[in-house]
Every structure is written in C-alpha cells, then in structure tokens.
Amino acid sequence: MWPGVLHAATGVRRAHVVGIDVAAKQIENARRHEEVRHLGIEYRAMDAARISRYWNPGRFDLVTACMALHDMPDPLAALKASARVLRKQGRMLFTIPHPMTNTPYREWERDERGRKVALKIDRYFDSGPQTTRWRMARLRLPWETPSWYRPLSEWSEIIRGAGFVIRRLDEPRPTKGQVERRPELEDCFRVPCFLLFNLAKA
Ligand SMILES: C[S@@+](CC[C@H](N)C(=O)[O-])C[C@H]1O[C@@H](n2cnc3c(N)ncnc32)[C@H](O)[C@@H]1O
C-alpha cells in the first residue's frame, strides 16, 4: 500500500479503502496487485494535500500514511486535508524515519574488527531537504529520492497546526528472532529507526 490510505467503515467487518499516491507508476503497480488479490481497494493518483477536494468532510474513519509525509515539502497541507476528511472520532496514523537517528549527519562508529560500536548523530536541529540514495543489490540503477528532515518539535508543531493531538507514539522494533533471521534489521533493534504517530482530532 502506498502513502495515503483512507478507510471508511461501511458495516460490520467491511471497509471501503482508498489508496492514493502522487506517482502514477505506484498507482499502476497497486492496481496490478488489486487485479490479482481482489481486495476491493480503490486507487487514485493524486497529491495527498488534495484529498479534501475529492471526498466530503467526515467521510473516513481512519487515514494512514506509511513513510510518506517526510517525502513531502508541505506535510502540513496533507495533514490538514486528512483532518478534514476524517470524522470527529477518526484517527490518523503515520510513520516517518525516526528524527533522532535519521539526522543529517549519522555514522556508525566501528571497532578495529569493523563491528558497530555506537551510532554517532549530529545536526539534529538542521531541518531541510535531504537526498536518500538507494543502493540495494536488487536495483539495476542507483536511485535517489528527495525528502525533508525535521526535528521532533517541528513535527509536533505541524500536527498541532493541522488540528490533531498526539494520542500515542510508538517506536517499532524487530524482535531478537527477526534479527536472527534477517541480520540487516540489527540497526533497528539497537536504535529506533521509525516513529509511528497515532493522532486524534483536537
Ligand atoms: C518512501 S515511499 C513509501 C512508499 C510506501 N508507503 C512504503 O511504505 O513502502 C514515499 C511515497 O510517497 C509518495 N508521495 C510523495 N509526495 C506525495 C504527495 N504529495 N502526495 C501523495 N504521495 C506522495 C511518493 O510517490 C512515494 O510513493
């Protein structure tokens, strides 16, 4: 599922789910999955800041954004639009890279055998654009995407400005068993990689 997912309960154990992404390619891909899995999800290519132009106020029970708001120059606009389409008791959930560990400067200090000793971070308050360089083995070409780094206090202000209050924060962590099966998850066992915001309308 791509960044914006809007859920509206339509009855017992049934929901109308809409997935959106500004990238038409992502939506094409999602629709291909829908043809195989038939989950009944409707997909639309659109900017998250425009959802309140398409759906009426209070239309949805839940809006989720998985690792997407930090890729937007104006997450406040997307959160304001989400607040508008949510009903009064609706919930907004979103994840971002953890601002404490995804700082503009970050580097693992290593011992003489190359083992990770501690994560060094700096420039925590330097909010602004960043470039993420994807270098996974499965990529045929190097790939870069823009994103925006913001310290925690800035996210808190954006959330307040959009008309939400924070109900809960979570820092997802893999289990020891998961790290044994997938050693590349070890960083996220030692330090928080992701931050999950659980919001209610103010
Ligand atoms: C890091 S990817 C995350 C994709 C997916 N949610 C996941 O967790 O694997 C960020 C996504 O946000 C989308 N995106 C960026 N700005 C957007 C905007 N203004 N409105 C909707 N989608 C946006 C990008 O096209 C991209 O698909």
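## Pro-129 on its strand

Let's start with Pro-129, which sits in strand β8, residues 128–134 (strands are DSSP runs of E, at least two residues long, and helices are runs of H or I, at least four, both numbered from the N terminus). This is a predicted model, where local features need pLDDT of at least 70, side-chain atom pairs count only at pLDDT 80 or more, and totals for chains, interfaces and linings use all residues. Residues are numbered from 1 along each chain as its sequence is written.

Pro-129 counts as exposed because it has 9 C-beta neighbours inside 10 Å. The cut-offs go like this: 20 or more other C-beta atoms within 10 Å of a residue's own make it buried, 12 or fewer make it exposed, and anything in between is partly exposed, with C-beta atoms placed from the backbone. Leaving aside neighbours within four places in sequence, Pro-129 is in contact with Pro-146 and Trp-148 (a contact means C-beta atoms, placed from the backbone, within 7 Å). As for Glu-28, it lies 101 residues from Pro-129 in sequence and 28 Å away in space, C-alpha to C-alpha.

## The whole protein

Stepping back, the protein has 6 helices and 11 strands. Its radius of gyration is 19 Å, close to the 17 Å from the globule rule for 202 residues, so the protein is as compact as a globular protein of that length (the radius is taken over C-alpha atoms, and the rule is 2.2 Å times the number of residues to the power 0.38). Along the principal axes, the C-alpha atoms fill a box of roughly 60 × 40 × 30 Å.

Of the 202 residues, 19% count as buried. Take the contacts between residues at least 6 apart in sequence: 63% of them join residues at least 24 apart.

## The nonpolar core

The largest nonpolar core has 26 residues, and Leu-69, Ile-159 and Phe-164 have the most contacts inside it (such a core is a set of buried Ala, Val, Leu, Ile, Met, Phe, Trp, Tyr and Cys residues joined through C-beta atoms within 7 Å). Helix α3 gives the largest share of this core, 5 residues.

Ile-159 touches Leu-79, Phe-164, Ile-166, Phe-197 and Leu-199, not counting residues up to four places away in sequence.

## Where two helices meet

Helix α3 (residues 75–85) packs against helix α4 (residues 152–161) at about 40 degrees, with the axes 9 Å apart (axes are lines fitted to C-alpha atoms, for helices over the stretch in contact, and angles run from 0 to 180 degrees between N-to-C directions). Pro-75, Leu-76 and Leu-79 of α3 make the contact with Ile-158, Ile-159 and Gly-161 of α4.

Methods: Contact = placed C-beta atoms within 7 Å.
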